[in-house]
Amino acid sequence: MVVKFNYYCFENAVHPKILNEMIKMMKQSKDKIKGNVEDKPARSKIRDSWVTFRSDAWLYKYTHPYVRKANQEAGWNFQWEMTEPAQLTAYTKKQHYNWHTDAFTSIPSSGPEWRKGKIRKLSSVLLLNDDFKGGEFQISYKSHYKDIVETPKFMRKAGSIIIFPGFVWHRVKPVTSGTRYSLTQWHVGAPYV
């Protein structure tokens with residue numbers, strides 16, 4: 001699918017006090033697990049991070065307005081019905097997530113009821129802190145038959161949120177010092193027609 005914008009961003013989207021509450025939630029989580037790939041344990045070559053999932057309504061309150069605005073202003077106008085449980089992620093030294101998309105490889109017919117027959121239309125990533133090194137967020141796409149890799153500078157600043165179609169390739173480079181915290185959400189709807 002060809003789109004005019006491969007991502008859309010907002011700086012200073014969420015107040016530092018709220019970001020700190022999200023980080024605290026991740027740090028205090030008793031159900032942290034190693035991140036998976038397509039619901040299977042990830043090989044550390046592909047993904048190495050700690051995650052916990054939350055469905056607290058207040059997490060969506062701070063991101064949904066930006067997802068709606070980006071969807072409209074970028075001209076995607078994707079229909080989406082709901083958001084999967086939010087993923088709080090921590091990347092410590094040397095942890096990363098290699099190139100991937102968030103789109104399902106097939107339309108799910110099993111799993112949670114809300115997921116059946118739905119696809120990930122939009123992804124959003126909110127950066128919760130900026131006191132780490134490395135861990136750059138990158139986006140990759142083709143333009144005029146050339147491979148483009150962008151490292152959006154605003155994604156180095158806490159409180160920035162990036163929204164992009166689920167089929168866009170992206171990664172988090174290895175963290176070299178400190179811990180990188182983020183909140184990722186996937187906004188799902190009926191398959192494209």
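Are Phe137 and Phe164 buried or exposed? Both Phe137 and Phe164 are buried, where buried means under 20% relative accessible area, exposed over 50% and partly exposed in between, with a 1.4 Å probe and protein chains only. Keep in mind that this is a predicted model, in which local features need pLDDT of at least 70 and side-chain atom pairs count only at pLDDT 80 or more, while totals for chains, interfaces and linings use all residues. Residues are numbered from 1 along each chain as its sequence is written, and side-chain values use heavy atoms, with hydrogens and water left out.

**The chain as a whole**

The chain holds three helices and 17 strands; these are DSSP runs numbered from the N terminus, with helices being H or I of at least four residues and strands E of at least two. For 193 residues, a compact globule would have a radius of gyration near 16 Å, and the chain agrees because its value is 16 Å. That radius is taken over C-alpha atoms, and the globule rule is 2.2 Å times the number of residues to the power 0.38. The C-alpha trace spans about 45 × 40 × 35 Å along its principal axes.

Of the 193 residues, 48% count as buried. The chain exposes about 10,400 Å², with carbon and sulfur atoms supplying 53% of that; areas come from the Shrake-Rupley method with a 1.4 Å probe, and for residues only the protein chains shown count as cover. Take the contacts (heavy atoms within 4.5 Å) between residues at least 6 apart in sequence: 82% of them join residues at least 24 apart.

**Rings**

Back to the two phenylalanines. The whole structure has nine aromatic pairs. Rings of Phe, Tyr and Trp (its six-membered ring) pair if their centres lie within 6.5 Å; planes under 30 degrees apart count as stacked, over 60 as edge-to-face and the rest as tilted. Phe137 and Phe164 make a tilted pair, 6.0 Å centre to centre with 45° between the planes. This pair links distant parts of the chain, with Phe137 in strand S12 (residues 137–143) and Phe164 in strand S14 (residues 161–165), 27 residues apart.

Elsewhere, Phe5, Tyr8, Phe10 and Tyr66 come together in one aromatic cluster. There is a charge over a ring, too: Arg120 lies over the face of Trp186, 4.1 Å from the ring centre. The test is NZ of Lys or CZ of Arg within 6 Å of the ring centre and within 35 degrees of the ring normal.

Two strands pair if DSSP finds at least two bridges between them. Ile163 has Tyr8 standing opposite and is also the bridge partner of Ser124.

Ala74, in the loop between helix H3 (64–73) and strand S7 (82–83), is 89 residues from Ile163 in sequence but 9.7 Å away in space, C-alpha to C-alpha. At 6% relative accessibility, Ala74 counts as buried. Leaving out residues up to four places away in sequence, Ala74 touches Phe5 and Tyr8.

**The five-strand sheet**

What order do the strands of the open sheet follow? The five run S5-S9-S15-S12-S13, with antiparallel pairing. Its edge strands, S5 (47–48) and S13 (146–150), each pair on one side only. Some neighbours in this sheet:

| Strand pair | Bridges | Facing residues |
|---|---|---|
| S5 and S9 | two | Arg47 and Tyr97 |
| S9 and S15 | two | His100 and His170 |
| S12 and S15 | four | Ile139 and His170 |

Strand S15 (residues 169–172) has a covered face with His170 and Val172, and an uncovered one with Trp169 and Arg171.

**A loop residue**

Lys157 sits in the loop between S13 and S14 and, at 36% relative accessibility, counts as partly exposed. Lys157 and Glu11 are 146 residues apart in sequence and 7.6 Å apart in space, C-alpha to C-alpha. Beyond residues up to four places away in sequence, Lys157 touches Glu11, Asn12, Leu127 and Asp130.
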